[in-house]
Amino acid sequence: MSRWRTPSRSPSGGPSTASEQIATPEYVDASLALIPGDHSAAIAKKLERQALLREATKSFTFVLTEQACLWPRVPAQAMATQLDHLASLSRLPNVRLGVIPLAGHMPKAPMNVFTVYDASLATVEVATGVLVFRDSHDVRTHLDTFQTFEGYSLWGGDARARLKEWASRHR
């Protein structure tokens, strides 16, 4: 958690699911469903970390693909709630949230959820855990990839309109 508090700017991209940083409790619970045991403490900790999104000294940029927004990880109404939650977060003054529609040409394929914390740290979420990158070349590669995705994203009112449209599919 201490590393989570360090950055003043954190870009995060997700090709297949929303990051726990921007997920509702039901969505976080579903992300842990394949892990046996009681998840209540883990869910509480993940949700507690979301308070960082409201720290004015930090800024966050999230990019999600349409697939990440629409993958039915939770039942329909919970998906609508998750999408509404994303739209709400996009209104925070220190949070930028972009969505990449499945239309047009995309020169790079997003493969994993990743976060760039600063010039010396990036993480990539994979099925078996989290990979940590500290080499400046690796971190820069993830930041460059993220910046490419930013250029293909809808932002602000356009992103919220798309999220609203997608949420309506689940109501």
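**Pockets and buried residues in a predicted model**

Thr123 counts as buried, at 12% relative accessibility; the word buried applies under 20% relative accessible area, exposed over 50%, and partly exposed in between, with a 1.4 Å probe and protein chains only. The model is predicted, so that local features need pLDDT of at least 70 and side-chain atom pairs count only at pLDDT 80 or more, while totals for chains, interfaces and linings use all residues. Residues are numbered from 1 along each chain as its sequence is written, and side-chain values use heavy atoms, with hydrogens and water left out.

Thr123 is found in strand 5, where strands are DSSP runs of E with at least two residues and helices are runs of H or I with at least four, both numbered from the N terminus. Leaving out residues up to four places away in sequence, Thr123 touches Val113, Phe114, Thr115, Tyr117, Val130, Leu131 and Val132; a contact means heavy atoms within 4.5 Å.

The protein as a whole contains seven helices and six strands. Along the sequence these elements follow the pattern α-β-α-α-β-α-α-β-β-β-β-α-α. For 171 residues, a compact globule would have a radius of gyration near 16 Å, and the 15 Å of the protein agrees with this. That radius is taken over C-alpha atoms, and the globule rule is 2.2 Å times the number of residues to the power 0.38. Taken along the principal axes, the C-alpha atoms fill a box of roughly 45 × 40 × 30 Å. Buried residues make up 44% of the 171. Among contacts with a separation of 6 or more, 74% are between residues 24 or more positions apart. The accessible surface comes to about 8900 Å², and carbon and sulfur atoms account for 56% of this area. Accessible areas come from the Shrake-Rupley method with a 1.4 Å probe, and for residues only the protein chains shown count as cover.

Empty space was examined next. Rolling a probe the size of a water molecule over the atoms shows where such space is left. The largest pocket has a volume of about 920 Å³. Of the 33 residues that line this pocket, Glu20, Lys46, Glu125, Gly129 and Val130 are the closest to its centre. A pocket is an open set of points, on a 1 Å grid over the protein atoms alone, where a 1.4 Å probe fits, with protein on both sides within 12 Å along at least five of seven lines; lining residues have an atom within 4 Å of a point. Grid points are joined across faces, edges and corners, and a volume is the space filled by probe spheres set on the points.

At least two lining residues of the largest pocket come from each of helix 1 (2–5), helix 2 (25–31), helix 3 (40–49), strand 4 (113–118), strand 5 (121–126) and strand 6 (129–133). The lining divides into 18 nonpolar, nine polar and six charged residues. Here Ala, Val, Leu, Ile, Met, Phe, Trp, Tyr, Cys and Pro count as nonpolar, Asp, Glu, Lys and Arg as charged, and the others, Gly among them, as polar.

Lys46, one of the residues closest to the centre of the largest pocket, lies in helix 3. Lys46 is buried, with a relative accessible area of 19%. Apart from neighbours within four places in sequence, Lys46 is in contact with Glu20, Val28 and Leu32.

Leu64 is in strand 2 (residues 59–65) and counts as buried at 3% relative accessibility. Val63 also has its place in strand 2 and is buried, with a relative accessible area of 3%. The C-alpha atoms of Val63 and Leu97 are separated by 5.9 Å, at 34 residues apart along the chain. Leu52 is in the loop between helix 3 and strand 2 and is buried, with a relative accessible area of 2%.
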